[in-house]
Amino acid sequence: MLKIALPNKGRLSEEVRELFNDAGLEVRGRGERALTASLGGEFEAIFVRAQDIPEFVADGAAQAGVTGWDLVNEAGRELESLLDLEFGRCRLVVAARDESGVVRVEDVKDGMRVASCFPRLTQAYFQKRGQRVTVVPVSGAAEIAPHLGIADIVVDLTSTGSTLKMNGLREVSTVLESSARLVAYPSNGADARRSLDELTQALGSVLAARGRRYLMANVPRSSLEQVREVLPGLNGPTVVDVMDGGNFVAVHAVVSSRTIYRTVNALKALGGQGILVTRIERLMA
Ligand SMILES: Nc1ncnc2c1ncn2[C@@H]1O[C@H](COP(=O)(O)OP(=O)(O)OP(=O)(O)O)[C@@H](O)[C@H]1O
Ligand SMILES: O=P(O)(O)OC[C@H]1O[C@H](OP(=O)(O)OP(=O)(O)O)[C@H](O)[C@@H]1O
Ligand SMILES: [Mg+2]
């Protein structure tokens, strides 16, 4: 059995569960507070805090795990990054109150106190810049620290920016960009690596499918050249004969969901009929 460490709660847990489900690795038999569950295949999920996952995986207690790239970097342990899961996108930023006089990161003075749940990354960031700050480690709600007078500025995660705004803080610079990652124990044996390769491909195929749609339409044979322009697909559209279709042939293609509205209208303009758009579950190149 390969153990995969997954977040037991918080921001990432639901999306991780959905991703594994979509890849056919359903969390089975997990009671409300159970700490482990079978994922099917050779995988067993262990549910722990997102912060603890880098340590669990680096120590080999789990062969792989899913957690934020920010937490992986903060842990500073050697881990192999297998896949960017694209959700949990956020940035670790330096932020300051207007009264602090810090408008740009260059304005941060030696001796200033920086509150953060990411003390190592914060220390390393300012050290690299040659700015001697005092890091005030906190385990949550760093945004409140300047108001309590325990720090001058903060280093915290942001995505929409609303928490910073609510706390009267302005973003000054970016320390790290983050999203959820699949990471692995660097010394896994050959069998474990093979299984993790398969897992990486399965999860990757779900992610690749998410931004794409499968489109089918009947189009006049005479407009095929123009249809090719509209429907590049992965390797150009598949063209299929339609029984008793007269001048019409069927075209099939994988298209980006962002452009689907335009594509459908363009096909209609070329005489397309019976247009059908469906979701794709998995897509392997
Ligand atoms: N605002 C956000 N937008 C997108 N992703 C975020 C955001 N905040 C955090 N994340 C990501 O989610 C990860 C886990 O955050 P989460 O809030 O679940 O944990 P936590 O609150 O630090 O842990 P706990 O709830 O156990 O105290 C972060 O390390 C980061 O990668
Ligand atoms: O830019 P925003 O969209 O406002 O997101 C930023 C907030 O999100 C995270 O907290 P979370 O909501 O996970 O709560 P937590 O402090 O309990 O971890 C992070 O610590 C920020 O406080
Ligand atoms: Mg949080």
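Q: Which residues surround ligand 2?
A: They are R11, G140, A141, D156, L157, T158, S159, T160, G161, S162 and T163. A residue is listed because its C-beta atom, placed from the backbone, lies within 6 Å of the molecule. The model is predicted, so local features need pLDDT of at least 70 and side-chain atom pairs count only at pLDDT 80 or more, while totals for chains, interfaces and linings use all residues. Residues are numbered from 1 along each chain as its sequence is written, and chains are lettered from A and ligands numbered from 1 in the order in which they are written.

Q: Which element gives the most to the shell around ligand 2?
A: Strand β9 does, with 3 residues. Both β9 (153-158) and α6 (162-166) supply at least two residues of this shell. Helices (H or I, at least four residues) and strands (E, at least two) are DSSP runs, numbered from the N terminus.

Q: How do the residues around ligand 2 divide into nonpolar, polar and charged?
A: There are 2 nonpolar, 7 polar and 2 charged residues. Ala, Val, Leu, Ile, Met, Phe, Trp, Tyr, Cys and Pro count as nonpolar, Asp, Glu, Lys and Arg as charged, and the others, Gly among them, as polar.

Q: What makes up the shell around ligand 1?
A: It holds 15 residues, and the closest are G10, R11, G68, C90 and S159. By class the shell has 5 nonpolar, 5 polar and 5 charged residues.

Q: Which domains does the shell around ligand 1 draw on?
A: At least three residues come from each of domain 1 (2-88 + 179-209) and domain 2 (90-178). The assignment also gives domain 3 (212-279). These bounds come from an automatic or database domain assignment.

Q: How do you know that domain 1 and domain 2 are in contact?
A: 8 residues of domain 1 are in contact with 8 residues of domain 2; the test is C-beta atoms, placed from the backbone, within 7 Å. On the domain 1 side, the largest share, 4 residues, comes from helix α3 (residues 69-75). That side has 1 nonpolar, 5 polar and 2 charged residues. The domain centres, taken over C-alpha atoms, are 29 Å apart.

Q: Which residues of helix α1 are buried?
A: In α1 (residues 13-22), V16, L19 and F20 are buried. Their directions from the helix axis cover an arc of only 95°, so they lie on the same side of α1. Buried means 20 or more other C-beta atoms within 10 Å of the residue's own, exposed means 12 or fewer, and partly exposed is in between, with C-beta atoms placed from the backbone. E14 and E18, on the other side of α1, are exposed. The buried residues pack against β1 (2-7), β4 (64-68), β11 (180-184) and α7 (190-210).

Q: Why is E86 called partly exposed?
A: E86 has 14 other C-beta atoms within 10 Å, and the class lies between 12 or fewer (exposed) and 20 or more (buried), so partly exposed is the term. E86 is in the loop between β5 (80-84) and β6 (90-97).

Q: What is the phi of E86, which is not a glycine?
A: The phi of E86 is positive, about 75°. Most residues other than glycine have a negative phi.

Q: Where is A141, and what is its phi?
A: A141 is in the loop between β8 (134-137) and α5 (145-148). A141 is not a glycine, yet its phi is positive, about 45°. With 14 C-beta neighbours inside 10 Å, A141 counts as partly exposed. A141 is also one of the residues around ligand 2.

How values were computed:
Two residues are in contact if their C-beta atoms, placed from the backbone, lie within 7 Å. The arc is that of the directions from the helix axis to the C-beta atoms.
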